[in-house]
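Hello,

Here is the structure I promised to pass on. Please have a look at it first, then read my notes below.

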Amino acid sequence: MAQQSAAQFYERFLGRVTLGLLLLAIALVIDCAGYFVDAATDEVLRYVRRTLSVVIIIVVAPSTLKLMWNRWKSDSPHREPESFVVEIYKKASLHGFTFVALALVVLQGVLGAGESTLPALFFIKAVLAAMLLVTSLSFYLQMQVDDDLEEDDFDDEASS
Amino acid sequence: MSADLNNRIRVFRAEHRMSQGDLADAIGVSRKTISTIEVGRFVPSTVIALKIARHFGAPVEEIFSLAD
């Protein structure tokens, strides 16, 4: 396997974090769905949530530990503050935050101060799920656009 | 190409017979970062621009210029 540069490692790390966010969002959506189903179905959903939690740890923990280890060993090699992927990660986070802020303002206007039969925890989970979904999907969409552009290699061009 | 910034990285790469990956490794960024700078999708920081210029041994304004 080719040696991975520090920059490539950091971008892979961000990709894994985003995948973790997406899985967490799905877990929260399933959690919210639990409020609307019967006890037997909720039991199944609980099993799915636990499985997802384990998958999230498997996806995110190894690269996080490796990043921490590398940073502890040396001060700078795994830091790439200026990078295309870092920029789209920041943009995706902004999209997620903006979406939730707007959604909360709209919901407050629509629902007003009316009483809800659902507990506050449901709304907190729903808002978190929406934010994480928008953030991760925004990241993947921006990455996808870039992947279409990326195939340039001078040696290949010279031979064609 | 970015509406604000033109670049000649591709020309310099061709002169030095370097792939995007070679240049990325040389200045410590990812290949994706180089490819997106080339097509104008990502406007590089001053630090990256200066690293690219230093690598090619050229003034930064020879590689990057403001669009008219």
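**Two helices in chain B**

The crossing of α2(B) and α3(B) is right-handed. On the α2(B) side, the contact is made by B:Q20, B:G21, B:L23, B:A24 and B:I27. On the α3(B) side, B:R31, B:I34, B:S35 and B:E38 make it. Sorted by class, the contact of α2(B) with α3(B) has four nonpolar, three polar and two charged residues. Please keep in mind that this is a predicted model.

Now the geometry. Helix α2 of chain B covers residues 20-27, and helix α3 of chain B covers residues 31-38. They pack at an angle of about 115 degrees, and their axes are 8 Å apart. Angles of 65 to 115 degrees count as roughly perpendicular, so α2(B) is roughly perpendicular to α3(B).

**Chain A**

Chain A has five helices and zero strands. Along the sequence, its pattern reads α-α-α-α-α. Of the 160 residues in chain A, 34% are buried. Take the contacts in chain A between residues at least 6 apart in sequence: 84% of them join residues at least 24 apart.

**One residue to look up**

Find A:S136. This residue lies in helix α4 of chain A, residues 120-149. Is A:S136 buried or exposed? A:S136 has a relative accessible area of 0%. Buried means under 20%, so A:S136 is buried. Leaving out residues up to four places away in sequence, A:S136 touches A:T18 and A:L22.

Best wishes

Definitions and conventions. Residues numbered from 1 in each chain as written. Chains lettered and ligands numbered in written order. Predicted model: local features only at pLDDT ≥ 70, side-chain atom pairs only at ≥ 80, totals over all residues. Heavy atoms only, no water. Axes fitted to C-alpha atoms, helices over the stretch in contact; angles between N-to-C directions. Helix = DSSP H or I, 4+ residues; strand = E, 2+ residues; numbered from the N terminus. Parallel < 35°, antiparallel > 145°, perpendicular 65-115°, else oblique. Left-handed = near helix turned anticlockwise from the far one by under 90°. Contact = heavy atoms within 4.5 Å. Nonpolar A, V, L, I, M, F, W, Y, C, P; charged D, E, K, R; others polar. Buried < 20%, exposed > 50% of the residue type's maximum accessible area, 1.4 Å probe, protein only.
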